Amino acid sequence: MSTLPLFVLVAAALAVTVWRAPLWAASRFMQAQLFLAGIDSDTMNLDGHELHFVEGGSGDPVVLVHGLGGSAQQDWGKLMPYLVRGGHHVIAMDLLGFGESAKPADHSYSITEQAKLVETFLDAKHLERVALVGESMGGWISAMVALDQPRRISQLILFDSAGLSFTPSFDLALFTPQTSAQVDALMALLMPNPDPIPDFVKEDLLRKTRRDGWVIERALASMKTGADLLDRRFSDLKMPLLLVWGKQDLLTPLTIGEAMQQAAPQSVLEVFDGCGHIAIQTCADRIAPMTVSFLGASRPPPGATIEMLSDRSQ
C-alpha cells in the first residue's frame, strides 16, 4: 500500500474516533502533550481501589487536586508543564469517582472523604512536605488537608475555591446536564463568553453525565449538608497562601476569595479580569507564570491584592 492511501485511512479513522468519542480523543491528545512535556500517566492501588495520576519533573513536590467533575489532565494540563519547567516535581491525581480512577459505589464522595484520600496518597508516595494546589472543589479539599496536616503543607494555592458558605445563584442541576441547553448554561457558568460547542461533543458530554453523573450528585448532596464547610476553620491556615480568582467567576464568586483573604491575612489574592471559574484552564498563560513565582522566591508581600487586567484592557 502506498503512503497516501495509508495516510487517508489513518486520517479517516481518527476523524471517526473524534466524532464518536470526542472527550476520549481530547483526553488522549492532552495525555500526549503532557508526555512530551515529561509528564507520565500512572496508576496505583490505594485502599483496594485503582487511582490514576500523572507525574513529572524533579525538585520540590507540588500536588494538584482537581475540581468537581474534572480530572488531573483536564484541570491541570495547561499548568503542569509550566511547573515542570520551573523546577518542580509535579503530581496530579484523579480523585476517586473522577477521571480514570475507580468509582466505588459505596463511597460518599464527601470533602472529608476525599481529603483523607489525598492524605493517604501523600503517604503512599512518601511525600512528607509538599506545596498543595486545588481548584474549586479541589481547593476545598486541599484546604481541609492543610488544616488537618499543617506541618505537611509548605504552601497552599487555591484557584476559584469552594469551601465557605454562600448561596448559589444557579441551579445545582447544571452540574449534571440532561439537555443540550443545560450544557450551554453550564459552560456559561464556567467561563465568560464561551465558544459554541458542536452537537457531537454535547452528545458525548450528556452520555458521560448519564454514566457517571451519580458521583457528582452524591458529592453535591454531601456538600449541601454543610458539614464540611470551613468558615470557622479557615483562619487556622497559617502557611503561605495564594488565592487566585477569575474576576468574572459566576460559580464561586470573587466575594469568597475576598472572605478567605480576610480570614487568612497572610494570603495573597490575585484577581484576573476576563477570566471565569475555570481560570486556570482558560487563562493559564497569564496565571501560570505568577503561580510559579509564588512557589519560588518571588512571592508578593502577605496581604497583597493584585488585580491583573484582561488583555483587552491593557
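**The disulfide and the buried interior**

Mentor: The link between C275 and C283 is left-handed, with -115° about the S-S bond. Keep in mind that this is a predicted model. A disulfide is a covalent bond between the sulfur atoms of two cysteines. Here the sulfur atoms of C275 and C283 lie 2.1 Å apart. The cut-off for calling a disulfide is 2.5 Å, and the count by this rule is 1. Both cysteines, C275 and C283, are buried.

Now to the buried interior. In soluble globular proteins, nonpolar side chains tend to be buried together. The largest nonpolar core in this model has 66 residues. Within that core, L68, L95, L156 and F234 touch the most other members. Helix α6, residues 137-148, gives the largest share of this core, with 8 residues. Take L156 as a case. Leaving out residues up to four places away in sequence, L156 touches L132, S142, A143, A146, L237, M239, P240, L241, L242 and F294.

Finally, look at helix α7, residues 180-190. Its buried residues are V183, L186, M187, L189 and L190. They sit on the same side of α7, because they cover an arc of only 155° around the axis. Helix α8, residues 199-224, is part of what covers the buried residues of α7.

Notes:
Residues are numbered from 1 along each chain as its sequence is written. This is a predicted model: local features need pLDDT of at least 70, side-chain atom pairs count only at pLDDT 80 or more; totals for chains, interfaces and linings use all residues. Side-chain values use heavy atoms; hydrogens and water are left out. A nonpolar core is a set of buried Ala, Val, Leu, Ile, Met, Phe, Trp, Tyr and Cys residues joined through side-chain atoms within 4.5 Å. Buried means under 20% relative accessible area, exposed over 50%, partly exposed in between (1.4 Å probe, protein chains only). Helices (H or I, at least four residues) and strands (E, at least two) are DSSP runs, numbered from the N terminus. Contact means heavy atoms within 4.5 Å. The arc is that of the directions from the helix axis to the C-beta atoms.
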